[in-house]
Amino acid sequence: LMAAPSGSPKVEFLHLTDTHVVDLSVVAEPLAAARKHFGNTGAELAKFLSGPTRPPGSDFILITGDLIDGFSFVAGDGRRVFRQIDAFQRAIGACRVPLFVLLGNHDITHYGLSAAAKPAADQSFAGEARAAWTAAMPSLRQGTYYAFEKQVGGAKYVILMLDNGYSAAGARNAPGFQMAHEQLYWLRRQTETHVGATIILAMHVPLGTDAGSQAIKGAVTGARNIALILAGHVHKDGIDAVALGETSTVQVRTAAFGYGVNNWRRVVLRPDSIEVFATGKQDTVEKTISIR
């Protein structure tokens, strides 16, 4: 667990999601043609993270999944080719603030071609992908779901980073995203352990009515201190209320960075509140959440 210095009057971070960095240099032509709209995202992310176009003052950056457009792809000669995690590492190499990431469905998916030469998603390689990510990213060294803390004045914030990008099909609109039982147990224990803190849940797929969402909601039933959920996946902005047992919390979605370099949000943690800024707006607070 990583903590900010005690007594900090505020902690500020940026929320990004769905960066979809991709290296298409040896990918089979039908796949490369279908994904070419993300071809420049690595360069755009590198430029943003290096500082000139990034809002100043961030203590860290949080990216909620679909870091890359695919864990591996089929090449023109039928081989599986990788290079994608390497491309993401190059994109973040100049970032000078701590970076916390979690995985989305694209990050654990191999993309091949169907008999009709259409892109075909395959998550049977999810275990291999997770192992590669834990070796590559410092924030994932303890696993693909984890927690870290920030102290803001007298308030302790605990940010729980979830791994909820697995589904049978691996497609963005597939129903029934699934959570492993051990992760649900970990989530429940985290909320039981940190009853005196303010909890933020970060995940790729936002909570809805699917089986994975119901499992998460069941795991945190009884927790009354979950103040905010951060998610992505649907590529669109949104702020809404989500019922969690007898309480509700605010769920915030940020539009996909892969579709626009202004798709980022400032989030400011204060001793008595959380300020969520409008996407791409450095000075416009869209939602204030009281934590007292």
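Does R265 count as buried or exposed, and at what relative accessibility? R265 counts as buried, at 1% relative accessibility; buried means under 20% relative accessible area, exposed over 50%, and partly exposed in between, with a 1.4 Å probe and protein chains only.

Good morning, colleagues. The model under discussion is predicted, so local features need pLDDT of at least 70 and side-chain atom pairs count only at pLDDT 80 or more, while totals for chains, interfaces and linings use all residues. Residues are numbered from 1 along each chain as its sequence is written, and side-chain values use heavy atoms, with hydrogens and water left out.

I begin with the overall dimensions. The chain has a radius of gyration of 18 Å, which agrees with the value near 19 Å that a compact globule of 292 residues would have. That radius is taken over C-alpha atoms, and the globule rule is 2.2 Å times the number of residues to the power 0.38. Along the principal axes, the C-alpha atoms fill a box of roughly 60 × 40 × 30 Å. The chain contains 6 helices and 16 strands; these are DSSP runs numbered from the N terminus, helices being H or I with at least four residues and strands E with at least two.

Of the 292 residues, 56% count as buried. The chain exposes about 11900 Å², and carbon and sulfur atoms supply 51% of that area, computed by the Shrake-Rupley method with a 1.4 Å probe, where for residues only the protein chains shown count as cover. Among contacts with a separation of 6 or more, 67% are between residues 24 or more positions apart, a contact being heavy atoms within 4.5 Å.

The largest nonpolar core has 56 residues, and F88, L228 and I274 touch the most other members. By nonpolar core I mean a set of buried Ala, Val, Leu, Ile, Met, Phe, Trp, Tyr and Cys residues joined through side-chain atoms within 4.5 Å. Helix 3 gives this core its largest share, 5 residues. Beyond its neighbours within four places in sequence, F88 is in contact with T19, V21, L45, I63, L67, I68, V101, W133 and M137. Another core, of 22 residues, lies apart from this one and includes V158, M179, L187 and L244.

Helix 3 itself spans residues 84-92, with Q84, I85, A87, F88, A91 and I92 buried. Seen down the helix axis, these buried residues fall within an arc of 155°, so they line one face of helix 3; the arc is that of the directions from the helix axis to the C-beta atoms. Their cover includes helix 2 (41-50), strand 2 (60-64), strand 3 (72-74), strand 5 (99-102) and helix 4.

Helix 2 can be described in similar terms. Its buried residues include T41, G42, L45, F48 and L49. They cover an arc of only 130° around the axis, which puts them on the same side of helix 2. The buried residues of helix 2 pack against strand 1 (11-16), strand 2 and helix 3. After helix 2 comes G51, with a positive phi near 130°.

Next, the charged pairs. Side chains of opposite charge can pair when their charged atoms come close. How many salt bridges does the structure hold? It holds 13, each being a side-chain nitrogen of Lys or Arg within 4 Å of a carboxyl oxygen of Asp or Glu.

R265, with which I opened, forms a salt bridge with D237, the closest N and O atoms being 3.9 Å apart. R265 lies in strand 14 (residues 265-269) and D237 in the loop between strand 11 (226-231) and strand 12 (238-244), so the pair ties together parts 28 residues apart in sequence. D237 is partly exposed, at 38% relative accessibility.

A second pair, R80 and E128, meets at 3.2 Å, N to O. This pair links distant parts of the chain, with R80 in strand 4 (residues 80-81) and E128 in helix 4 (residues 126-136), 48 residues apart. R80 is partly exposed at 26% relative accessibility, and E128 is partly exposed at 37%.

Finally, E12 forms a salt bridge with K10, with the closest N and O atoms 3.2 Å apart. E12 is buried, with a relative accessible area of 3%, whereas K10 is partly exposed at 33%.
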